[in-house]
Amino acid sequence: MRDYDCIVIGGGHAGIEASSAAARTGLSTLLITQSLDAIGRLSCNPAIGGLAKGNLVREIDALGGVMGQLIDSSMIQYRILNRRRGPAVQAPRAQADKFTYSRNAKELLEHTKGLDLFMDTVTDLIEENGSVIGVVTERGWRISARTVVLTTGTFMNGRIFIGEWDAPCGRLGEGAAIGLGDNLRRLGFDVGRLKTGTPARVLRSSLDFDELEVQKGDEEMLPFSFDYDCIDRPQLDCYITWTNEETHRIIRENMHRSPLYGGKIVGRGPRYCPSIEDKVVRFPDRDRHQIFVEPEGINSEEMYLNGLSSSLPEEVQHRFIRTLPGLKHCQIMRPAYAVEYDYLNPMDLYPTLESKRLRNLYVAGQTNGTSGYEEAACQGLVAGLNASLRVRGEEPLVLRRDEAYIGVLIDDLVTKGTKEPYRMFTSRAEYRLSLRHDNADLRLTRTGYEKGLAGEEKLARLEDKIRSMSDLRQSLAGIKERGKNALQLLKEPEVTMDALVSAHPCLSGYSRAVRDEVELDIKYEGYLRRQDEEIASLRRREEMAIPPDFDYDSLAGLSSEGREKLKQVRPLTVAQAGRISGLRVSDTALLMMAVKGLK
């Protein structure tokens, strides 16, 4: 087996982005995965995007990643969520044909120059003088590499649970990756356990659609990728139903048979995506919970019951699922189950996603304690790109909180850590009005180009867009109505760009994306200006770098708790130190004075 510049462990969404980024920026790269047929599998819900998650996908694309292209090639329904609310909390979400998505992901990697795919299971890392220098596989291969990216998802010592039954699996029917988690513990890594789950899948032809509420997609299907302007494809409907008191009664009566409440599962599950057992326990006053019935593919009979994940025994699942309207006669094709798996403490990582314990090892995805395809993919891109930049001897990519949701996510993980699966929300981003999904290219494409990932064509499209936005502003400035120009009129809540286009056909030549973005920038100009002032203050503190070997023990006046927190996180800037959970303001002030004194 040949040597490589980079080995990526795992073929999920983090692994796809990491291996693609490393190879496309010039590294000889090997992706090792347990099953080549499972690359890019949508293990849980057959959808990409959503609130804050859609922003992540567009940021991935703006930087030069591939998730946006994969969902664009496989989407079967498209919606903008939160249309009635402000632009800061709107986001695109698309149902995918999960089989097409996975197939396209595998084909994309197969055709990526400089990337090899290999089917095996990594069981150990090879370490020398504090650096990772290769991997060991289950079949006995020892493969050397200058960098390694670890993206094991739910497979590292994974175990699934359905009632009293459990088995070593990362997904139902797919074996766990055994050995690597234990060897990471041996190497001194802080390894914990987390839990997630997935709902049952039911046979489409067994549903009574007259009793389900139809949920249609938007009339216009828009791409996630900035590389093109539209998608013309038929859409499939989704549906809505509700649990009821009989559903809840059956669940309560069988709660003792749930491994989650019986003590078999020790890992903490996602707070914001709870199982139906959790919902019944945590919200006893709720007489019903909304369930989305979603197609898994164009030619598939499987329907996904979004919101109904469970680890109860199969016969209990059959009973409570059939109490829902429209599902009285449903046939369950795959049962719901919970999965517990190993993850690494993300506070042991630098903001580059490189391990503090083992040089040249990068970690991304659910292995870092996150939940969701999009959260995994954006970390994979950053990890793979930084592995490449390390080999090339260039400065790493570290995105700030004001630059991207990706920056918020990674900073949260490495600064605050997590004890439960971390999910991205708009509320986590202080500057979310600036981090809209529509302007991700303006924020990040030039950075992606400078780091060698985004190509010339993507940069040219960005520059064309910037010119068009400038031209549109000039055109608006030249239009006069009611003693005002159109730029001033657009600041009035009742005036829309669509109305101006109807009244002035000369504006119709600009693309929908350009018109929408200019309209939002104008309407929220005052808010954005105030946010820019806050960002400028943040950047001044971000520029106050703390040496990696700073001696916190020698800093007189630090509280003992603050000293321990700072030594654990090892913040790279004063701004990052200020975000450490529980760190006193006085400790941050002392640190700031000490850092200023170093200059």
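Leucine 361 is in contact (heavy atoms within 4.5 Å) with Leu125, Val132, Val148, Leu150, Phe189, Leu353, Glu354 and Ser355, leaving aside its neighbours within four places in sequence. The model is predicted: local features need pLDDT of at least 70, side-chain atom pairs count only at pLDDT 80 or more, and totals for chains, interfaces and linings use all residues. Residues are numbered from 1 along each chain as its sequence is written, and side-chain values use heavy atoms, with hydrogens and water left out.

Leu361 belongs to the largest nonpolar core, which has 92 residues. A nonpolar core is a set of buried Ala, Val, Leu, Ile, Met, Phe, Trp, Tyr and Cys residues joined through side-chain atoms within 4.5 Å; buried means under 20% relative accessible area (1.4 Å probe, protein chains only). Ile7, Leu125, Val135, Val148, Leu184, Leu361 and Ile406 touch the most other members. Helix H10 (residues 373–392) gives this core its largest share, 11 residues. Helices (H or I, at least four residues) and strands (E, at least two) are DSSP runs, numbered from the N terminus. A second, separate core has 24 residues, among them Val202, Ile276, Val280 and Val293.

Next comes strand S21 (residues 337–344). Eight of its eight residues are buried, so the strand is largely enclosed by the rest of the structure. Tyr337, Val339, Tyr341 and Tyr343 point one way from S21, and Ala338, Glu340, Asp342 and Leu344 point the other way. Two strands pair if DSSP finds at least two bridges between them. S21 pairs in the antiparallel sense with strand S14 (residues 191–198) over eight bridges, and with strand S10 (residues 159–162), also antiparallel, over three bridges. Glutamate 340 in S21 stands opposite lysine 195 and opposite arginine 159.

Elsewhere, six strands form an open sheet with antiparallel pairing, in the order S16-S17-S18-S19-S15-S20. Strand S16 (213–215) and strand S20 (332–334) stand at the edges with a single partner strand each, so one side of each has no neighbour in the sheet. Within the sheet, three bridges join strand S15 (residues 201–203) to strand S19 (residues 302–306). Leucine 203 has glutamate 302 in S19 as its bridge partner.

Just after H12, glycine 452 takes a positive phi of about 90°.

Definitions and conventions:
Buried means under 20% relative accessible area, exposed over 50%, partly exposed in between (1.4 Å probe, protein chains only).
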